[in-house]
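Here is a short report on one protein model. It covers a cavity, a sheet and some salt bridges.

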Amino acid sequence: MTVAGRTLGVAIVGCGLVGRRRAAVAAADERTVVRAVVDTDAAAASTLSSETGAPASAEWEAAVLDRGVDVVVVATPNAFLVPVAEAALAAGRHVLLEKPMGRSLAEAERLARSAETSDRVLKVGFNHRYHPGLAELLEVVGSGRLGPLVHVLARYGHGGRPGLEREWRSDPELAGGGHLLDQGVHLMDLVHGVAGLPAEAVSFLRTAVWPIAPLEDNAYAMYRYGDGLVAQIQVSMTQWQNRFSFEVVGRRGAAAVEGLGGSYGEERLVLTWRRVEGGIPDVTERPFPGPDASWAAEWDDFMGAVAGGRPLRHGSPADGVAAMRMLDAVYRSARQGEVVPL
Ligand SMILES: NC(=O)c1ccc[n+]([C@@H]2O[C@H](COP(=O)([O-])OP(=O)(O)OC[C@H]3O[C@@H](n4cnc5c(N)ncnc54)[C@H](O)[C@@H]3O)[C@@H](O)[C@H]2O)c1
């Protein structure tokens, strides 16, 4: 499928880990072709240029104005996400913006306003929602089968890497936040996906091992909702064995995803159904082996909105802002040492 019989041209801005991953998915989709690759690091741009056949450049300003470009994927360090996305929307391009939606809630809100006044699709890249186990968990929770929710318990972490203090992620100006913002934003988005926006937050942040102060390498946060539901989140860069775990507990049962594939271990969905008479619950466990299909599934959702006019299933500007609002409350609570409203 193409738009008006035309294959859509894609510019990849930021040719690092994620830009390359997005480029491979766009190149494999018959609706899209990679037309430009941009990176301030000439070697990164040149590598992706030879992988895609698209010309390389160092300046995103020209790429977003290129008439052969319909869609811009922004996968730069966080400081450039919002400026590039704003310019691309203003030039009439559809935008897939990597998470987080900028460095701060204010940046996210500014970009959401730009998207509202454009007639183009802005999608925030939250690939986790497209992992098959998490997609099914979201469906189970959405169906109401778990009953009223009691709590959510989420953990996400890796063990860092030597020299990470020299990476852009450790520069407060380029990153906007520490590990909470980097990996934690996925958990905020998932909590928002199952329960909506909480009423209040309390948190502790810590820089325990890695020399990245004032940025945090560990974050411990709790949210409370109006109906009493509590969501607990731990995000860590001292999780020596990579770990992902997301559990939603309701009055009638629970749904949990363990693992995300690869170094996080095989993704598994565990559904637990309480017996009203007590005793051992019914438990079903479903593994999702195989390669990570979330990036292609997310691209398909994006293309459905761009080329098919369908609403985005996930990662709308409102979803992006909600996750940033949740992060903002955690940072405020840690600074103020008290429970804060959202
Ligand atoms: N969805 C996910 O699970 C996921 C995973 C990792 C990263 N991300 C996000 O993707 C983005 C990129 O992360 P990454 O891990 O690919 O980082 P990376 O360091 O591997 O790549 C970033 C690239 O951007 C380039 N760059 C820097 N400034 C630029 C500019 N002004 N114009 C063009 N290119 C520029 C760098 O040279 C580098 O090649 C971040 O926003 C990050 O939060 C998302």
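## Cavity

The residues lining the largest cavity split into six nonpolar, six polar and four charged. Here Ala, Val, Leu, Ile, Met, Phe, Trp, Tyr, Cys and Pro count as nonpolar, Asp, Glu, Lys and Arg as charged, and the others, Gly among them, as polar. The model is predicted: local features need pLDDT of at least 70, side-chain atom pairs count only at pLDDT 80 or more, and totals for chains, interfaces and linings use all residues. Residues are numbered from 1 along each chain as its sequence is written, and side-chain values use heavy atoms, with hydrogens and water left out.

The structure holds one cavity of 30 Å³ or more. The largest cavity has about 120 Å³ of space. It is lined by 16 residues, and the closest to its centre are Arg169, Ser170, His179, Asp182 and Met237. A cavity is a set of points, on a 1 Å grid over the protein atoms alone, where a 1.4 Å probe fits but cannot get out; lining residues have an atom within 4 Å of a point. Points are joined across faces, edges and corners, and the volume is the space filled by probe spheres set on them.

## The sheet

Six strands form an open sheet with parallel pairing, in the order β3-β2-β1-β4-β5-β6. The edge strands are β3 (56–57) and β6, each pairing on one side only. Strands (E, at least two residues) and helices (H or I, at least four) are DSSP runs, numbered from the N terminus. Two strands pair if DSSP finds at least two bridges between them.

Strand β5 covers residues 94–98. On one side, four bridges join β5 in parallel to β4 (residues 71–74). There, Val71 stands opposite His94. The chain gets from β4 to β5 through helix α4 (residues 78–90), in a right-handed β-α-β crossover. Right-handed means that, with the strands pointing away from the viewer, the path from the first strand over the helix to the second runs clockwise.

β5 also pairs with β6 (residues 122–125), again parallel and over four bridges. Val95 faces Leu122 in β6, and Leu96 has Lys123 as its bridge partner.

## Burial of β5

How many residues of β5 are buried? Five of its five are. Buried means under 20% relative accessible area, exposed over 50%, and partly exposed in between (1.4 Å probe, protein chains only). In a regular strand the side chains alternate between the two faces of the sheet. In β5, His94, Leu96 and Glu98 lie on one side, Val95 and Leu97 on the other, and all are buried.

## Salt bridges

The whole structure has 23 salt bridges. Each is a side-chain nitrogen of Lys or Arg within 4 Å of a carboxyl oxygen of Asp or Glu. Asp70 bridges to Arg6, with the closest N and O atoms 2.9 Å apart. The two are 64 residues apart: Asp70 is in the loop between α3 (60–65) and β4, and Arg6 is in the segment before β1 (8–13). Asp70 is buried at 12% relative accessibility. Arg6 is partly exposed at 39%.

Glu51 and Arg20 meet at 2.4 Å, N to O. Glu51 lies in helix α2 (residues 42–52) and Arg20 in helix α1 (residues 17–28), so the pair ties together parts 31 residues apart in sequence. Asp119 and Arg120 form another salt bridge, at 3.2 Å between the closest N and O atoms. Shared partners join Arg22, Glu98, Lys123 and Glu298 into one network of salt bridges.

Key. On a 1 Å grid over the protein atoms alone, a cavity is a set of points where a 1.4 Å probe fits but cannot get out, and a pocket is an open set with protein on both sides within 12 Å along at least five of seven lines; lining residues have an atom within 4 Å of a point.
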